[in-house]
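Please describe this structure for a reader who is new to it.

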Amino acid sequence: MALLYTSDQQLDAEIAYRIGTAVSSFEQIKRRLLINRHLPLCLRLQLFQSLVLSKLYFPMGSWHTPTGRQIGRLRAAVVRMLRKILAIGTATPPTSAARVLVMAEVLDPRARLAVERLLYAQRLFHHGPAFLQINLHVEHGLHQHSWLAGLRHDLRWLQGVDVQPDPLLLQDDLTELIDVWQRDTGRWRRRVRRAAQRHIFQEAMMLEVQQWHAEIFDVLRQTHYTFAPDPALLRMQRHLFPCPDCHRSFTTPQGVHTHRRRAHGVY
Amino acid sequence: MPRDGSPNPCFAYLQSIGYAVSYAHEALPAVMRGQSRLDALPVAGPYGCGLTACQRQKAELQRQKQALEQIYNDFEQPDDYANAGARLGDLLTAVSQRWYDDYCAPGRHHSEADRLQDRWIDVIGRLPQEFESWALRTFILWGRFILPDLIAGLLDGEMEYHFDNEYAEFVFQFDEYQIGERITQLAHRLRLLDAPAPLPEAHRPVRPPQCNAQPRSVPMQSVPRLFDEQEDWQTELLRVQWQDMPPDPMIPLVQGLEPRPCFVIVHLFSGRRREHDIHHWLAAWSSRTNIALTIISMDAAISPVLGNLDVRSESWSTLRSLYLQGKSRPQSLATRARRFHRLDGTRHHPSLRMGSGRGRSALLCSFLASITSRFARRKMKQTKTGSAFFLQTLWTLACHLAYGGLTVRRRAPRTTTTRTPPFGVEKRSFSSLSPAPRHHLA
C-alpha cells in the first residue's frame, strides 16, 4: 500500500509524506475548486474528501496506532485546510479544531483510522495471504501496541457507536468475527460507514450542548457572577486565553505564546 | 490493438482465415460478489499459481545435487579399496616425509624443479588409469585427515605453510574436489530451506515505550468520543456552585418602542395564536391598566420565518442580541421545550435521578449518552432539536439572571400531561445551586 517503513518502526516519515502529498493536492485545486465561493459548500467538501483526504488517509488501514502527537499533526493539517474551505481562519472567537471538523462533517483522524482499519481488516482476512494473517497474530503476541491491539480498540469504538450492541465485537477470540468477515458480501462496509456517520452526528450534538453551557456561563460571568469551581476550567469547557498585548484570544496557552512571538516579538 | 489506433493485424488475419471461437462468459467469482474491483483483486495472486518460490528453489537445488552426485559417484575402485587406500596414504606420507628430509639435508633449501606436488603425482601416476579418479579422492581424504598430523610434526612454520599451499594448489585442479565441494554447498542450502524460518527480528532492538512517557508520545489506542465522556463532564458540571452574585438588576423600561417607555414580554414557543391566549390576555390587561407592553409571541406556528427559534435562524439571532442588550425582561415559556423531556428512559439512568425525587434530571442538561447512544438517527435528530430548545430556554433564563427580568412558565393543565414539565427541571437546576435567584422564576 505504498507505506513508508522506516528502521525506527515509527510513522513519522509516513505521516509527513502523507501530509505533504495532501497539502500539495490541496494547493493545486484550492483556488479553482475548494475555496471557490461560486461552488456550494457541500460540493467543495465532497471534493475535499475525495481529492485530498483520500491521499492523506490512503494507507491508513495498515497503520499501527499512531501516537497522540502524530494524530495531532494529522488533525492540525486537516483543520488547517478546512479552515480555508470554510473561511473561518480569522473568525473571532477562534473556532476549536473539533468544531471545525464537526462543521465540515469530517471525521477526526483517530476515528478515521478506526474506520479505515476496520474496513482493511475485513479485506485482509477475506482476501489477504495466509502468511500476512499469521504474521499479524505473531506480532500481536510479541508487541504491546500491535496492529491487532489497535483493531480491538477500533472494534470497541464500533460497538459503542453502533445502534445495536454486538457482543461479537468485544470477544477476546476473533475467530467468529473473522468468519463473519470472510462470509461478508458488503454488509460490513455499510455498517462501518453508518457508524462513522453516527459518530459525526453524536459529536456534533455534544459540541452543541457544550457550546450552550459555555454561553450560559459566559453570560453570567460577564455580569460578575462567580462560581466555584470556575466552569471555564472544567474539562471540555470553552476557555479562551487572551493576549495581553492585543484583543485576540486563543484556545491554548501555546497559541498565545506563538502569537506573541510572531506578532509582538515577545519571547 | 496497436497504440496508434490502427486495425489489429492479428485479428484481421484470423478473420480472413475464418478462425472463430465460441463465446465464453467472464465474471467475478460468487464469493467476491458485492465487492468493488479493488477489493476483488486477490492479494496472493491468481488462483492456482502453483508452487511457492521456496518450493521451486528447493526442487531446483535437489535436481542439481542429484545430477552432481551421479557424476561424482561414477568411478571405479579396487576390490579391496580400504586396504588399497591405506597403502596409498602410507606412500603419500612416506614421499612427503622424504621430500622434507631432502629439503633439510642441503641446509633447508628446496629447488623449484623438485616440488612436493611432483612427488605426489609420481605416486598417484603409478596406479592404473581406471583407478585414477579413486586415487584422487583418496588423496583428497589423505590431505584432510593425515596431512595435518604430518604437518604438525614438522616443527617448521615455513614448511607447514608450504605443505598446506602445495596441497591446496594441487587439489584445486581436480574435478572431483570441485564437484564434492559443490555437492556440499547444495546440501547446506537444502538444510537451510528445510529448517523452519526464524522469527522475524528487527535489525536493531525495538525501543520499548518509556514507562514515564507523556500521553502524546504513546499510541492513542482508544478513540476519543465526547459522547462517551459526557457523564464525566456532567459530573464535573454538578460540582459547580454559586459563589458570588451581584445585586439583582431591576426590570427596566425600554425606551423608544412606544410613545412612552414600555415593558417587552417575549413569549417563547407560544404555539399558534388563539383567541384568549396569553398574548391576548396580556394585551387586554395592559389596555385595562394603562401599562405599556410590547408582546412578542414567537413560534414557527405563527410565522415560519419571524417565529423560527432555531439556533441558526435570523429571528433567533435578533432575539439573542435583544437579550444580550438587556431589552427583553419578562418572559413566558410555553411547554414546547419539553419535547426533549419526553424521551423515555431518563429515569433509568442514575445520574438523572440525582437531586430529584421524581426520577427526573437535576442537571442543566439532561443529555446523556447512555440513553441516546442506541437511538435511531431520526430519534437522535429529534433529541438534538429538543435539547437545543431546552438549552435555549436555560440561556434566556441566564440572561434574566444577568440583566434582570422575570421568567414565567405557562404551566399546562395537569390533565394534559403526566410528565414533569421542563421548567421544573430548569428551576431545580438553578435553585439547587443557590436559593438567591429563585425570585426570578415564577
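In which helix of chain B does Ser286(B) lie? Ser286(B) lies in α11 of chain B, residues 278-289. Helices (H or I, at least four residues) and strands (E, at least two) are DSSP runs, numbered from the N terminus.

This is a predicted model, where local features need pLDDT of at least 70, side-chain atom pairs count only at pLDDT 80 or more, and totals for chains, interfaces and linings use all residues. Residues are numbered from 1 along each chain as its sequence is written, while chains are lettered from A and ligands numbered from 1 in the order in which they are written.

Ser286(B) has 17 other C-beta atoms within 10 Å, so it is partly exposed. By C-beta atoms placed from the backbone, a residue is buried with 20 or more others within 10 Å of its own, exposed with 12 or fewer, and partly exposed in between. Leaving aside neighbours within four places in sequence, Ser286(B) is in contact with Ile291(B), Ala292(B) and Leu293(B). Contact means C-beta atoms, placed from the backbone, within 7 Å.

The loop between β2 (263-268) and α11 of chain B holds His276(B). His276(B) counts as exposed because it has 8 C-beta neighbours inside 10 Å. In chain A, His224(A) sits in the loop between α9 and β1. His224(A) is exposed too, with 11 C-beta neighbours inside 10 Å. Most residues other than glycine have a negative phi.

| Residue | Phi |
|---|---|
| His224(A) | near 70° |
| His276(B) | about 65° |
| Gly326(B) | about 80° |

**Chain B**

Chain B has 15 helices and 5 strands. Of its 442 residues, 21% are buried. Among its contacts with a separation of 6 or more, 72% join residues 24 or more positions apart.

Helix α4(B) covers residues 81-104. Its 24 residues should span 34 Å at 1.5 Å a residue, and its end C-alpha atoms are 34 Å apart, which agrees. The expected span is 1.5 Å times one less than the number of residues. Buried residues in α4(B) include Leu88(B), Leu92(B), Ser96(B), Trp99(B) and Tyr100(B). An α-helix has 3.6 residues a turn, so residues three or four places apart point the same way. The cover over the buried residues of α4(B) includes α5 (116-125), α6 (132-145), α7 (147-152) and α8 (157-171) of chain B.

**Where the chains meet**

Here 54 residues of chain B are in contact with 53 residues of chain A. On the chain B side, α10 (226-238), β1 (241-244) and α14 (377-403) each supply at least two residues. α14(B) gives the most, with 13 residues. Strand β1 of chain A (residues 226-228) runs antiparallel to β1(B), joined by 3 bridges. Strands pair if DSSP finds at least two bridges between them. Phe227(A) stands opposite Trp242(B) in β1(B).

**Cores**

A nonpolar core is a set of buried Ala, Val, Leu, Ile, Met, Phe, Trp, Tyr and Cys residues joined through C-beta atoms within 7 Å. The largest has 43 residues, and Val52(A), Val78(A) and Leu82(A) are among those with the most contacts inside it. α3(A) gives the most to this core, with 8 residues. Domain 1 (12-91) and domain 2 (113-195) of chain A both give residues to this core, so it lies between them; the bounds come from an automatic or database domain assignment.

Conventions:
Two residues are in contact if their C-beta atoms, placed from the backbone, lie within 7 Å.
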